[in-house]
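Q: I would like to go through this model with you. Could we begin with a side chain and work outward?

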Amino acid sequence: KRIPRIWKPDIVICGGDMVAGMGVHDTLVMRKMWEGFAKHVTKPLQDNNIPFAFTLGNHDGTVSHQDERKFTQRYWSNRVNTLNINFIDKSHFPAYYSFTKDNVFFISIDASSPSMPKENIEWLETQLKSKEAQQSKIRFVLGHIPLYSVAQERDSKGNVLESHQQLQQLLEKYNVHSY
């Protein structure tokens, strides 16, 4: 309630884990989680014309939980037009996509699990090379699993991206401001 009423941001970016999935196989439970998210998060933003973007987290439908993944894809595919963002490429939405906002280029990658698919890395580089990305003032990449851990005991396998060096090289090569 505070976001649209008091803070009035230009855009809201979510780093994933929008719901509490990860092994939920009951469609009714998944539907209720996403309905709650819509009611309390996206609907108030939409009602106030505040753009909303996100990256999928491991609890939102990682590749290893196919039932949740399919549900999440259906959920967001039905709501893609409610996000109020200017897509550059949404052919893989919601898993990964790109958009612009006020001369800033955003790329949401599928870092919902420690192992990013090779095609996602290739797609990322294509996006970073694009005219829209190169002409933007700043470039941001959104991903859930971090490149490196900043907390003790979170620097283990499964808690950081396995391809973090390759991803870091791409981010540096194309002068990405933040991940």
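Q: Is Glu-162 buried, exposed or partly exposed?
A: Glu-162 is partly exposed, at a relative accessible area of 47%. Buried means under 20% relative accessible area, exposed over 50%, and partly exposed in between (1.4 Å probe, protein chains only). Please note that this is a predicted model: local features need pLDDT of at least 70, side-chain atom pairs count only at pLDDT 80 or more, and totals for chains, interfaces and linings use all residues. Residues are numbered from 1 along each chain as its sequence is written, and side-chain values use heavy atoms, leaving out hydrogens and water.

Q: Which side chain meets Glu-162 in a salt bridge?
A: That is Lys-157, at 3.5 Å from N to O. A salt bridge here is a side-chain nitrogen of Lys or Arg within 4 Å of a carboxyl oxygen of Asp or Glu. Lys-157 counts as exposed, at 73% relative accessibility.

Q: How many salt bridges are there by this rule?
A: The count comes to 7. One of them joins Arg-69 and Asp-110, at 2.4 Å from N to O. This pair links distant parts of the chain, 41 residues apart: Arg-69 lies in helix 3 (residues 66-77), and Asp-110 in the loop between strand 5 (104-108) and helix 4. Helices (H or I, at least four residues) and strands (E, at least two) are DSSP runs, numbered from the N terminus.

Q: Are Arg-69 and Asp-110 buried or exposed?
A: Both Arg-69 and Asp-110 are buried.

Q: Turning to helices, at what angle do helix 4 and helix 6 pack?
A: Helix 4 (residues 118-129) and helix 6 (residues 164-173) pack at about 5°, and their axes are 11 Å apart. Axes are lines fitted to C-alpha atoms, for helices over the stretch in contact, with angles running from 0 to 180 degrees between N-to-C directions. The two helices are therefore roughly parallel to each other, a term for angles under 35 degrees.

Q: Which residues meet there?
A: From helix 4, Ile-121, Leu-124, Glu-125 and Leu-128 meet Gln-166, Leu-167, Leu-170 and Lys-173 of helix 6. Contact means heavy atoms within 4.5 Å.

Q: And the sheet: in what order do the strands lie?
A: The order is 3-4-5-6, in an open sheet of 4 strands with mixed pairing. Two strands pair if DSSP finds at least two bridges between them. Strand 3 (86-92) and strand 6 (138-142) are the edges; each has a single partner strand, so one side of each is left without a neighbour in the sheet.

Q: Which residue is the bridge partner of Phe-87?
A: The partner is Phe-99, in strand 4. Strand 3 and strand 4 (residues 96-101) run antiparallel and are joined by 4 bridges.

Note on methods:
Parallel < 35°, antiparallel > 145°, perpendicular 65-115°, else oblique.
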